[in-house]
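I opened the notebook to look up strands, packing and a chain contact. My notes follow the display.

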Amino acid sequence: MQDSLKMSAEDLNFYYGNFQALHGINLEFYENQVTALIGPSGCGKSTLLRCLNRMNDLISYSRVEGKVFLDDEEIYDPDVDVVALRRHVGMVFQKPNPFPKTIFENVAYGLRVNGIKDKSFLAERVETSLKQAALWDEVKERLHDSALGLSGGQQQRLCIARAMAVEPEVLLMDEPASALDPLATQKIEELIHDLKKRYTIIIVTHNMQQAARVSDITAFFYLGEIIEVDKTETLFTRPKLEQTSDYITGRFG
Amino acid sequence: MKKHLQRELEKVKKRILSLGAMAEESVRMAIQAFETKDGDLAMKIIESDRELNEAEVEMEEECLKILALHQPFAIDLRFINAVIKINNDLERVGDEAVNIAERVANIAGKPPVEVPFEYSVMAEKSEAMLRSSLDALVNLDADLAYKVCLLDDEVDEINRDIYDKIKEVIRRQPERVGYLINLLLISRHLERIADHATNIAEEVIYMVEGEIPRHRNDIFKPDDA
């Protein structure tokens, strides 16, 4: 289904100690759409991304105000099981970070953590996830080799497969292609395009062209605030605010 | 990297303006050749068109290079898009000046036919539209560009008027039909120059405002001007 609301942030403030990193963020994320978060370093885009699956909980002196909804559920509600939340909201990081295990075990990891032992089910999920991540054909003959022997681009697709194995609904991507060569980047971008048919995708990127290519909606952040949100094609051809224009055309500062 | 792009865009701006000046000069000379029925000047215009054509090709290559190397966004992207189109219009303006020159070469030295019509008014309007559209480009002046769009209707009206008057004269002097068709075509070419000026103005409006004004009748009402 198109245009159905999957996640939203409402009046979200975030603090690292005394430093306020996010100011009153209101943003909606829709199913089957890719939302890109752009802005200069330190603008809060990665902080917001990490708020969406409570990765920031790991930082002891941090504090959250406001609400984040996944469907109808408020994810900062004390009753929420954070591990379950992260199964619904998966994450892929900037640098590929496979575990020092086999390709198979990397993808099966999340399922095993969730207590699944059925071998045929595991094998099936691993195969499906690797296919979804467009990696299956390259690794099907060596599933039990170490994941560390894969190229950077393959490792990143492996991490995407690992994130998808637990069948999340939302996929958070923090500069997923910034450490990859152009060909591997292209594969990741094509993958994002395919994956949005099944997932809600939120991507942080410093690469403006990448944001323009892969996303449907783009939000421009500056100093912890959302400056402008619009359809990607509109934001990159005729942004409404001068600040946005200055940033995307490189006239910033 | 981005400063590099700004330098490239400045170069493009200078270049499109010099192309505009060349096209303007061709039109000015064509009108002069027509008013003085100067066959030599007409030949000079025809020969000089090659220079404008070469400049147009270079300009387009420059724009493609910038798109490929810098992948500009927002105002920069709209600027390059506008320049590519304006470049094309200016080249066509040059062609229309050549067309006028060819008509002038045809009628130069032949006994003139009296047509109850003042061509200079039309020529002045077309020339002024071209000049204003280029001024609007230099100064990113959407208001001036809107005025150019409005003037186009006046030139169209004059062109229709000339058509009627020439038809009348052909009836009275059918033996001079060849000469009169040349006059009619000159009017048509001047009207086309005004059309290209309008296109340029529309590109300037898009560049400045981000909305494509073509085929939108509502914005050209005098109230808004």
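Which residue in S9(A) is the bridge partner of A:Ile38? I found A:Phe220 there.

**Ground rules.** I am working from a predicted model, where local features need pLDDT of at least 70, side-chain atom pairs count only at pLDDT 80 or more, and totals for chains, interfaces and linings use all residues. Residues are numbered from 1 along each chain as its sequence is written, and chains are lettered from A and ligands numbered from 1 in the order in which they are written.

**Strand S3 of chain A.** I stayed with S3(A), residues 34–38. Strands here are DSSP E runs of at least two residues, helices are H or I runs of at least four, and both are numbered from the N terminus. S3(A) pairs with S9(A), residues 217–222, in the parallel sense over four bridges. Pairing needs at least two DSSP bridges between the strands. S3(A) is also joined to S8(A), residues 200–204, by four bridges, again parallel. There, A:Thr35 has A:Ile202 as its bridge partner.

I then checked burial. A residue is buried if 20 or more other C-beta atoms, placed from the backbone, lie within 10 Å of its own; 12 or fewer makes it exposed, and in between it is partly exposed. Five of the five residues of S3(A) are buried, so the strand is largely enclosed by the rest of the structure. One side carries A:Val34, A:Ala36 and A:Ile38. The other carries A:Thr35 and A:Leu37. Both faces are covered.

**The open sheet.** I traced four strands in chain A in the order S2-S1-S4-S5, with antiparallel pairing. S2 (19–30) and S5 (73–74) are at the edges with a single partner strand each, so one side of each has no neighbour in the sheet. S4(A), residues 62–70, meets S5(A) through two antiparallel bridges. A:Leu70 stands opposite A:Glu73 in S5(A).

**Chain A overall.** I noted 10 helices and 10 strands. Buried residues make up 43% of the 253 residues. The C-alpha trace spans about 55 × 45 × 35 Å along its principal axes.

**Contact with chain B.** I list 11 residues from chain B and 10 residues from chain A. Contact means C-beta atoms, placed from the backbone, within 7 Å. On the chain B side, helix H1 (2–36) and helix H3 (74–107) each give two or more residues. H3(B) gives the largest share, five residues.

How values were computed
Two residues are in contact if their C-beta atoms, placed from the backbone, lie within 7 Å.
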